[in-house]
Amino acid sequence: MSDGAARTARLLDELFGAGHGVAVDAPLVRGHATLGGRDVAVIGTTDQVHIGARIALALAGHVLDVVRDTPGRPILLIVDNSGQRLSLWDELMGNNGCIAHLTKCLDLARRREHRVVGLVHELAVSGGFMATGMATEACYALPGAEVRVMAASAMSRVTGIAEERLRELFRTSPALGPGVDNFVRIGGLHGVLDGDLRARIAEALDHVDPDPDPRRRLGTERGGRTHAAEVAAMVRAGH
Amino acid sequence: MRPVRRSYDEATARGRIDGLLDAGTFREFCGPTARRSSPHLPALGLPVSFDDGVVVGEGRLDGRPVLIGSQEGGFMGGSVGEVHGAKLTGLLERGLDVEPAAVVLLLDSGGVRLQEANAGLIAMGEIQRAVFRVRAAGVPVIAAIGGRNGCYGGMSIVARSCDWIVVSEQGRLSISGPEVIEAVEGIEEFDAQDRALVWRTMGGKHRRLLGEVDALVENSIEAFRMAVIGWLEQPRPLDLAAVEAEHARLEARLRRFAECRDGLDVWRDLGVERPEEIPELDADAFNAVVASMEERDR
């Protein structure tokens, strides 16, 4: 078993205790467990996998199985990826369409009354985050996890902004800098879960936000993304 | 008299809207006079645009009410930042309130605006969720893809979350750009300078043959207009049966083309008689090939 898969297995043991029914078959994670007396479906990835077309479809298939076979059962999505897979074959097959399909399945689950909560275990990058955690109704991260769009060196190359200057900006701009704290501030993550993980996940599965997409509101409340909610409301009102 | 053909790919965001909608019916929301520009670009010493690179509003198409958004490919590659994304999200959510004949998205984007990367990425998720919500309410969302940037990054995921996609002959739709793949994985994986290869992998004709887009049209605003009109008030189902059917279709695709390394391999496998000629065909000739294949498969 790889180190990443072993860490994921330890996380699952911590969450669900010995003898749970969630298997780590790297890079995929799937199964069912109980948490606080309720059944939970667990779906996810490990080993900081790159999300290619095959992985996206495998995850989508797991989501559809849960929707079909265990209606209404909450889904915990374990997020750990290095972004979308960069390969000619995946592009040839329409990786964007496969990822869109995965998010469509997660959206379908939510509409069919499944609670869908994400948990970033180690890493979520850009299109890989959009494919998974961003398609849940609430996504949390573990302390020490990382969320980013692009590494500083690559961002410097693409934008033409010197890397040193970028790193300076990272310290003051939650809209730009990598890291879970910045994503919490802009409303892209609901929060960081520390302390009693089982209790925190159980709370997250219980918490229902009437707002169909609370991320803009959270970004405003937390001061990290102050324009999005207002601009969207203005357009929605036809002004 | 046949009207003058206006190029879609070369038009500006506003030019595309003006040409697509019934004349004089467009009313813009949150336009340049509202001056809602990016709050993040000035800190980087970069110029802003008073519409943040996207035009949104309402109008009529073939006499029917529509909401429409149009990305300006000339401003930072049509990239999605905080304000740009919020305008598209608000537009889609307005679809829940006014139930138009469609929400039409004219996409021309490299994806997330890296200068405000986190805000742009989350905005993508918000746009996409709004697409699903308005679709679930029975309002079709139609994506049109053309222009210099194609449709990449998170925007390519948004596009495939819509009901319908029309693409121009020169349109491209893919998540990762060729340059990024080459930079990370090497030129052996993808030679970004090989434009014909880029086109065979990500171009509109390959996407049409693969079943990723619903129509390919010549590069004219009128052709886009006719395609979009055909889908007004035509939502596609989004229930379990529909999503399962899509799942089966995608799984079959990955199995069938597992050994393909080039668009030509895929087209040959699909039964295109002279795949090497596909890139040279104009839209009419290409669509005749597609029609004959669909006829054969029925």
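I take two strands as paired if DSSP finds at least two bridges between them. Helices (H or I, at least four residues) and strands (E, at least two) are DSSP runs, numbered from the N terminus.

Before reading anything off, I noted the conventions. This is a predicted model, where local features need pLDDT of at least 70, side-chain atom pairs count only at pLDDT 80 or more, and totals for chains, interfaces and linings use all residues. Residues are numbered from 1 along each chain as its sequence is written, chains are lettered from A and ligands numbered from 1 in the order in which they are written, and side-chain values use heavy atoms, with hydrogens and water left out.

Entry: the sheet.
I looked up A:Ala41 and found A:Ile75 of S5(A) opposite A:Ala41. A:Ala41 of S3(A) is also the bridge partner of A:His32. Further along, I found A:Ile43 with A:Leu77 in S5(A) as its bridge partner.
For the strands themselves, I noted that S2 (residues 28–35) of chain A runs antiparallel to S3(A), with 8 bridges joining them. S2(A) and S3(A) form a hairpin with 2 residues between them, and A:Gly36 in the turn has a positive phi of about 55°.
I checked how covered S3 (residues 38–45) of chain A is: 6 of its 8 residues are buried, meaning under 20% relative accessible area, with exposed over 50% and partly exposed in between (1.4 Å probe, protein chains only).
I traced the whole as an open sheet of 7 strands in chain A, ordered S1-S2-S3-S5-S7-S9-S11, with mixed pairing. S1 (21–25) and S11 (191–192) of chain A stand at the edges with a single partner strand each, so one side of each has no neighbour in the sheet.

Entry: two helix positions.
I placed A:Ala60 in helix H2 (residues 53–69) of chain A. A:Ala60 counts as buried because its relative accessibility is 0%. Leaving out residues up to four places away in sequence, I listed its contacts (heavy atoms within 4.5 Å) as A:His101, A:Leu102, A:Cys105 and B:His247. A:Lys104 is 44 residues from A:Ala60 in sequence, and I read 8.5 Å between their C-alpha atoms.
I placed A:Asn182 in helix H8 (residues 180–185) of chain A. A:Asn182 has 14% relative accessibility and therefore counts as buried.

Entry: chain A against chain B.
I read 72 residues of chain A in contact with 81 residues of chain B. The buried area is about 6,700 Å², 64% of it from carbon and sulfur atoms; this is the accessible area (1.4 Å probe) lost on putting the two parts together, summed over both.
I noted 8 salt bridges between chain A and chain B, each a side-chain nitrogen of Lys or Arg within 4 Å of a carboxyl oxygen of Asp or Glu. I looked up B:Glu93 and A:Arg236, which form a salt bridge with the closest N and O atoms 3.9 Å apart. Helix H4 (residues 95–111) of chain A gives the most to the side touching chain B, with 14 residues.
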